[in-house]
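The explanation moves from one element to the next.

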Amino acid sequence: MLCIKYVFFEGETGAGKSTIINRIIGGRELLPTYVTACTRKICRIGYSHIFSISTKDCNDKELETSVFFDREELTKTLKGIVKNVSPDIVYVDIEMPVPMLQVYE
């Protein structure tokens, strides 16, 4: 059985990467979308039974993790994190209970 674990989106600023990801994972805004650049970090979205965000450095070392009660709370926090200009944060791991994100091996 073929299992796709990662899908990458790359493109010019304002090309619609965040918009298409938002549509794929439920139609509601998760990643911020604007006409100008708004996602300065590499966002990796995955399945979990809880809503959480982990920031990681260039070596994939965890810097900070936050757990949320719902998607709206996660989204509000995420907007600040993805715009963060700190060079320490390279990856933002977003995990939430969205069945289509679940990987079966």
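In this predicted model, the buried residues of helix H1 pack against strand S1. Helix H1 spans residues 17-24, and its buried residues are Ser18, Ile21 and Asn22, where buried stands for a relative accessible area under 20%. These residues cover an arc of only 100 degrees around the axis, and therefore they lie on the same side of H1. Just after H1 comes Gly26, whose phi is positive, at about 140 degrees.

Strand S1, against which the buried residues of H1 pack, belongs to an open sheet of four strands, which follow one another in the order S1-S4-S2-S3 with mixed pairing. Because S1 (42-47) and S3 (62-68) stand at the edges and each have a single partner strand, one side of each is left without a neighbour in the sheet. From one strand to the next, the twist averages 15 degrees.

Within the sheet, strand S2, made of residues 51-56, and strand S4, made of residues 91-96, run antiparallel and are joined by five bridges.

How values were computed
Residues numbered from 1 in each chain as written. Predicted model: local features only at pLDDT ≥ 70, side-chain atom pairs only at ≥ 80, totals over all residues. Heavy atoms only, no water. Pairing = 2+ DSSP bridges. Helix = DSSP H or I, 4+ residues; strand = E, 2+ residues; numbered from the N terminus. Axes fitted to C-alpha atoms, helices over the stretch in contact; angles between N-to-C directions. Buried < 20%, exposed > 50% of the residue type's maximum accessible area, 1.4 Å probe, protein only. Arc of directions from axis to C-beta. Contact = heavy atoms within 4.5 Å.
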